[in-house]
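Open the model in your viewer and keep the selection tool at hand. The stops below say what to pick and what to look for.

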Amino acid sequence: MTSEFQILLSILLPLAGAVGIAITGRHYPNLREALTLFTAASLTAVVWTLLPELLAGERPSVRVAEMLPGLTIEFQVEPLGMLFAALASLLWIVNSIYSIGYMRGNNERHQTRFYVLFAVALSAVMGIAFAGNLLTLFIFYEVLTLSTYPLVAHKGDSKTVVSARTYLGILLATSIGLFLPAIIWTYQVAGTLDFTPGGILDGNLAGPAVGLLLALYVFGIGKAAVMPVHRWLPAAMVAPTPVSALLHAVAVVKAGVFTIIKVVVFIFGVEFLSTESSADWLLIAAAFTVIAASIVALRQSNLKRLLAYSTIAQLSYVVMAVAILKPLSEIGATIHIAAHAFGKITLFFAAGSIYTASKKTEIHQLRGIGRRMPWTMAAFTIGALSMIGVPPTAGFVSKWYILAGSFQSDNYIAIVTIIVSTALNAMYFLPIIFYAWFCREEVAPTNDHGEAPLAIVIALTATAALTVLLFLFNQPVLDLVSQPGGMSK
Amino acid sequence: MILTDHLPALQVVVPMLIAPLVVLMRVRGLPWAVATVTSLMAFAIAVGLTNTVLDSYSVTYEMGSWRAPYGIELHVTSFSALLLLIVTGASTLTLVAGKQSIDTEIGHDRQPLFYAAWLLALSGFTGIIVTGDAFNIFVFMEIASLASYVIIAAGSDRRVLPAVFKYLIMGTIGATFYLIGIGLIYMMTGTLNLADMEARIHEVGELRPILVAAGFITLGLALKAAVFPLHAWLPHSYTYAPHIVTAFLAACSTKVALYVLLRFDFLVFQQNLSTHEVQFTVFLMPLAVFAILIASGVAVFERNLKGLLAYSSLAQVGYILLGASLVSMPGLTAGLMHMFNHALAKGALFLAVACLGMRFTRLELVNLSGVARQMPWTMAAFVLAGLSLIGVPGTAGFISKWMLISAALQEGALGVALVAIIVVSSLLAVVYIWRVIELAYFGDPPEAGQSVNEAPVWLLVGTWVAALMNIYFGIIPSLPLSLASESAASLLQHLP
C-alpha cells in the first residue's frame, strides 16, 4: 500500500463507512454499530501506519485535482497534521464504544443519522489534518461545519434548533466573511497557498497589513473560539454528549487551533511574525480569552457548559502558546492539543456518564456521587487534574513547555496568564471533586443508580489512562513534532 | 459542404421546424417525446459547436451563402458556446426529467401547443446566441419572449395571468427600446451586421443619435435581463409559472439578454464611444450592487419558496453584472463563470422545487415544514444545490465567488468595499437557504397522519444529475473556465 493511497484512503474510508452505516442502519442496529467500530479501527490502522514513514523524514503528498490554475486540491502529511489525525482517529474508536452505551442508554432517536454524520465529520477532520494547502483545508473546514450542524440540532426541539442556528451562523459567517477573504488576499499577494516551512508571506506583506491579515485569520477561524467568536461552543452543548466529547472537545475545536498553528507556522512563518510588531495583539487577545473564559466558567452551574467554557480557555492556551513564537512554546502548543484532547474527552465522557446513570446535569447535584460512580468520578478527577496541570497527567507536560517558551522570551504576559489561569482552573474543578468524593448525598436519588453502562465505563477509563500515559511516555510525541521541517524551520 | 459545417444554422432551425409539427401530434405522450428528442439534438449540436470552438477560435456561417454584411451571418464564439450549453442543457434536462410534473400541471389537450411553444422558445434563445446580426437578434428575441409568455401562462394557477401580462408589457417595452436603438444605429451607419457595425460606428461615434441608441439598447436589454430596478416582471412570473418552466427559464432566459447586453457594450460601444467606461462604473456597477443587496434582503423575508428563489436569481444577475462592470479580464471571466454556475445551481434548485410541487399544491414555506422526513432525496438535492448557491467550497458556486472576490481585490479600495458586499450577500444567502433547510428538516409536519411520498423517480434522477453537476464543476471547472476566459479575452480585445 503506497502512502499516497493511504492518505486518500484515510479520507474515503470514513465516507464509505458512512454509506455502509446508512444502508444497514434502519434494520440492523447491531451491524450498524459494528460497522462504525470497524471503520474507526481500520481508519486508525491506516493513519497510524503512516507514522513510521513520517518519523523517517518522509513527507508523502498527493494531488487530487486542479480547481483553478495554480489552485489545487492537494494533501501532504507533516508531523503536526499526523499528530492531529492520529489523535482524532484513535479517539473515534473510544468514542464509538462510548456512543453505543450512551445512545442506547438514553434511547436517543435518529441514531443512524447520528452515526452517519459522525463518520462524515471524521472524514472532514482527516481532510483538514492532511491538507497540503489552505484551499484544501478550507474545503474540509466547511464540510466539518456543515456535517456537525445536524449533530448539534440532533434533538430537534425548538430550543436545540435555535442553538444549532447560533452554531452554524457563527461558524459559517466567520469562515465566509473573514477566513475566505483572508485566503484570497494571501493568494493575491503570495501567488500560492501551499503550506511551506518558513511561510509564504515574508517579503510580500509588511506593516499593519500583517496584523490585519492575522486578525482575519484568527477570528475567521471561528472553530478556535478566540473571544468574541466563542459563543457557538456553549451553544453546541445541546448536542448529545458523544458529540460534545469527540467533536467539541477534540475534532472541531482542535481543527480550529490546528488551522491557526498551520497558518502561523506555514503561511506567515514564525520568524516573519516575530519581526512584525503589528501582530503582537494575538498574544493579548488569547491571554484575555484564557482569563475571561475561566472566570465565566467559575459562574456556571451546568456541568457541560462549565466544560465548554473551560475548553474555550484551553484553546486559547494553544493560540497563546503559538503567539509566543518560540520553538519550545510551539512544541508546547502541539502537545497541548493532545493533552487537552485526552483530558477534556474524559471529562465529557464523565459528564455524559453521570447523565446516563442519574439524569443529573447541574454541579450542585453531584454531592456524594463518587460513591455511587467510583470509576466515572475517578476518571473525572484525572481529567480535571490534567486541566489544572498537575503531574502525573498530560496537562503538566504541555504547560511545562509553554512556560519554558515564555521564559525563553521573557514574556511576562504569558507567564502571568498561565499562573492566574491555573489558579482559576483549580477554583472551578476542585470543588466538584471535593463534593463528589467527600460530601454525603443530601437526599437519596429517586432511582437508586450505580455506574453507567459498561461501554461508557470502558471508554472513559481508556481516555483517563491515556491522559496518564501521555505524561509518562511523551517522548514519541516530542520526537514527532520536533522534527526538522516540522514546527521549526 | 458536409453536415457539420451547417451546425450553426441547424442549432436554430431544428427546433424551429419541428415546433409546428408538434402542434399536430395528438397522441398522448408523443409531443413530449418529440420535444425531448429535439432538445437533445439541439444539445448535441451545441456540444459539437463547443468542440469546434475549443479547437479553432470561432465559427462563421453565411445564411444562404450571402456574404456579410449584406447577408445574415451566424457567428459562434466561445461566449456563444458557453450560452448554448447552458440553454440547450437546461432545456434538455428539464424536459427529460419533467414529464410527470408537466403532466400534472398542463392538461393533455393543451400539451401539443405547450411543447411547440417550448421548442420555439428554445429556438429563439439559440437564435439570439448564434446570430451576428442586430436585427436578427430582435426577431429571435420576440420569438423567444412570445413563446416564453405562452409556456409561463400554461399552468393552471390563475395568479400567473396578471404576472405574465406584466411580463408581456415590460418585455415588449424592452424589445421596442432595443429596436429603436438598432434603428438609430442603422440610420447612422447603414449596417445591421454586428461586426460591420463595430467597424463603422467609429466614424460617427461622437454624434448624439449613437449615444441615444446606446442608451435605448442598454435600457431595453437591462429590462429583459431583469437588472435591478427593472426587475418587477420576474418574481411573480417565476413564482406562478409551471415548475418545470421556471427551472428552464431561470437557468437561461435572463442570461441570454445579458449576453446580448455584454456583446453590445464590449464589442460595439466600448472602443467607439469615448467615455463609455463611465457606463460601467457609475451606472451598471451601482445597479449590480443594489441588486445583490436588495434582492438578497427581500429573499430573506419572502414566504413563498419559488418567490424566494426568484429574488435570489435577481441577486445573481447582480453578481454577473458586477463581474462585468469591473471591465477587467478576471472580473469578466468571473461574471461569465457565474452565468454557468448559477444556471447549474438554480436549475437544480427549481428541479427540486418541481419535485416538491408533485406532492404539494401550495409552496408557501409553512407548507413545507418537516418535509425532509417524507422526501429525503429531494431535500438532500436541494441542500447540495443550495450550498452551491451560497458558494460553499467544493461546489460550482464557490469557483465563481472565489474568482469574483479575487477580481474585486485587484481594484484597490473600491475592491475591498465590493468584497464586503459580496460577503454580506453570501451571508444573506446562507440565511434564506437555511430558512428552508431548517424548516424542512426540523419543523413539525403540519398535520400528523398526512403522509407524503417521495417524488417520481425520473424527476429525482434529473434533480440529482443537476445537483451533482454542481459538485463536478466545483472540483473540475476546466470546461466552463476555458470557455469563460476565452470569451472574456475576446470581449476585451479592443481594450488597452
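This is a predicted model: local features need pLDDT of at least 70, side-chain atom pairs count only at pLDDT 80 or more; totals for chains, interfaces and linings use all residues.

The area buried between the two chains is about 2400 Å². Carbon and sulfur atoms give 81% of that area. Now select the contact residues: 25 residues of chain B touch 32 residues of chain A.

How many salt bridges does the rule find across this interface? The count for chain B and chain A is one. Select Glu438(B) and Arg165(A) to see the side chains that meet in a salt bridge. The N to O distance is 2.4 Å.

Stay on chain B and turn to its surface. Select Val96(B), Val457(B), Trp458(B), Val461(B) and Val465(B). Together these residues form a nonpolar patch with about 450 Å² of accessible area. Which helix gives the largest share of the patch? Colour α18 of chain B, residues 457-475: this helix supplies four residues. Val457(B) is one of the residues placed in α18.

Next, a surface patch of the charged kind. Select Lys155(A), Lys159(A), Arg231(A) and Arg305(A). Their positive charges gather in a patch on the surface.

Ala225(A) is not a glycine, yet its phi is positive, about 55°.

The bond from Pro391(A) to Pro392(A) is cis, with omega near 5°.

Then move to chain B and select Phe228(B) and Pro229(B), which are joined by a cis peptide bond. Omega here is about 0°. Pro229(B) belongs to the loop between α9 (208-224) and α10 (234-240) of chain B.

Technical notes
Residues are numbered from 1 along each chain as its sequence is written. Chains are lettered from A and ligands numbered from 1 in the order in which they are written. Side-chain values use heavy atoms; hydrogens and water are left out. Patches are made of residues with over 30% relative accessible area and no salt bridge: like charges are joined within 9 Å, nonpolar side chains (Val, Leu, Ile, Met, Phe, Trp, Tyr) within 5 Å. Accessible areas come from the Shrake-Rupley method with a 1.4 Å probe; for residues, only the protein chains shown count as cover. A salt bridge is a side-chain nitrogen of Lys or Arg within 4 Å of a carboxyl oxygen of Asp or Glu. Lys and Arg count as positive and Asp and Glu as negative; His and the chain ends are not counted. The place of a charge is taken as NZ of Lys, CZ of Arg, CG of Asp or CD of Glu. Contact means heavy atoms within 4.5 Å. Buried area is the accessible area (1.4 Å probe) that two parts lose on being put together, summed over both. Helices (H or I, at least four residues) and strands (E, at least two) are DSSP runs, numbered from the N terminus.
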